[in-house]
Amino acid sequence: MSCQSSTTSCVSACVSAPTRTLSTIALRTRALVLWCIGLLEDGKTGPTMAEQCLMADQYMAAIWQASYIITGKRKLLTYSQTKLNKAGKLGSEFVNRGITMSPADEAAPWIGKDYDACKGRTIGCTGPCVGSNTGQGRLPSSGIARVGRTIVLELFPNHFHRLVDHEIRREQRRLERKGLKLAMRVNVASDHWEVAGEIADRHDGVTFYDYTAITSAVRSTDNVRRVYSRKDGRTDLTLKMLNAGHGAAVVFDAIARKNEPLPTTWHGFTVIDGDIDDLWFTRAPVNGPFVVGLRVKGDKKQVAQAIADGFAVAA
């Protein structure tokens with residue numbers, strides 16, 4: 001049976017299992033996703049997103065989301081997100097797309113108790129995480145969508161990559177017809193840097209960029225341009241990365257909701273404004289160190305905690 005697209009009949013027969021050993025939790029999740037896919041193939045109607053958000057059991061809401069993605073009823077790419085949308089508003093030649101998966105241990109109840117999508121995270125960055133705890137990320141629908149994508153990545157990896165490739169190629173062709181370019185951020189909220197590299201290597205003509213808290217990822221020679229993401233307690237490591245010629249993203253105590261100014265330099269390194277849009281690579285030097293300056297985001301409590309933890313540094 002062919003599995004070239006998610007519209008192929010009997011999708012459940014096409015989704016191969018990951019090669020690694022799965023936890024008991026993951027095996028249960030995978031079985032339930034396949035069960036939901038079977039219902040959809042039999043013509044049953046699953047819950048709408050509004051109904052998923054109202055489910056008392058959010059576990060099943062995310063299971064349904066994964067089944068919708070695999071069967072092509074919902075998308076893997078993120079087509080609308082506050083930061084990504086800024087590119088189009090400013091008349092850039094780039095259109096921003098991404099993949100918003102679960103950060104930190106958000107998907108652990110579906111994947112396994114030790115699961116963590118952000119290996120380099122700290123307490124300070126987890127609280128005000130823009131991927132899940134501030135802005136649109138706090139909406140129930142956003143959480144369901146993130147976990148659904150993560151389930152597909154971790155438990156149906158071959159299908160995940162097929163779907164991603166299909167969506168990227170389609171979007172690239174659509175934009176090229178308009179004279180525009182595609183910029184992809186695979187990790188809008190997570191830090192699956194190897195996944196980003198695998199995807200980027202398959203798509204010539206698409207600009208891939210990312211933020212990561214993993215130093216080896218910054219030094220990688222794949223087709224993703226990355227900046228090292230400074231965390232609380234890691235200023236020395238951040239400076240080491242900058243002195244080695246890499247870029248680094250730094251969150252300052254300038255408050256985003258007040259649009260407070262960023263510094264022009266940090267420890268002698270030039271700061272570019274990373275809040276104008278997410279296309280920092282268009283303003284950064286081609287070679288050499290630079291700082292992507294970001295304003296601290298969140299409500300008053302989250303901002304105060306981020307500053308107290310040292311996640312946001314003095315502007």
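Let's begin at one residue: not counting residues up to four places away in sequence, L175 touches V95, L180, K181 and L182, where a contact means heavy atoms within 4.5 Å. This is a predicted model, in which local features need pLDDT of at least 70, side-chain atom pairs count only at pLDDT 80 or more, and totals for chains, interfaces and linings use all residues. Residues are numbered from 1 along each chain as its sequence is written, and side-chain values use heavy atoms, with hydrogens and water left out.

L175 belongs to helix 8, which covers residues 157-176. Is L175 buried or exposed? Its relative accessibility is 1%, so L175 counts as buried; here buried means under 20% relative accessible area, exposed over 50%, and partly exposed in between, with a 1.4 Å probe and protein chains only.

Now step back to the whole chain. The protein chain has 12 helices and 8 strands, taken as DSSP runs numbered from the N terminus (helices are H or I with at least four residues, strands E with at least two). Its radius of gyration is 20 Å, close to the 20 Å that the globule rule gives for 315 residues, so the chain is as compact as a globular protein of that length. That radius is taken over C-alpha atoms, and the rule is 2.2 Å times the number of residues to the power 0.38. Along its principal axes, the C-alpha trace spans about 60 × 45 × 35 Å.

Of its 315 residues, 55% count as buried. Among the contacts with a separation of 6 or more, 67% join residues 24 or more positions apart.

Finally, the cysteines. How many disulfides does the structure hold? There are 0 disulfides, a disulfide being a pair of cysteine sulfur atoms within 2.5 Å. For C36, the closest cysteine sulfur is in C53, and at 16 Å it is too far for a bond. C53 is likewise in no disulfide, with the sulfur of C36 as its nearest cysteine sulfur.
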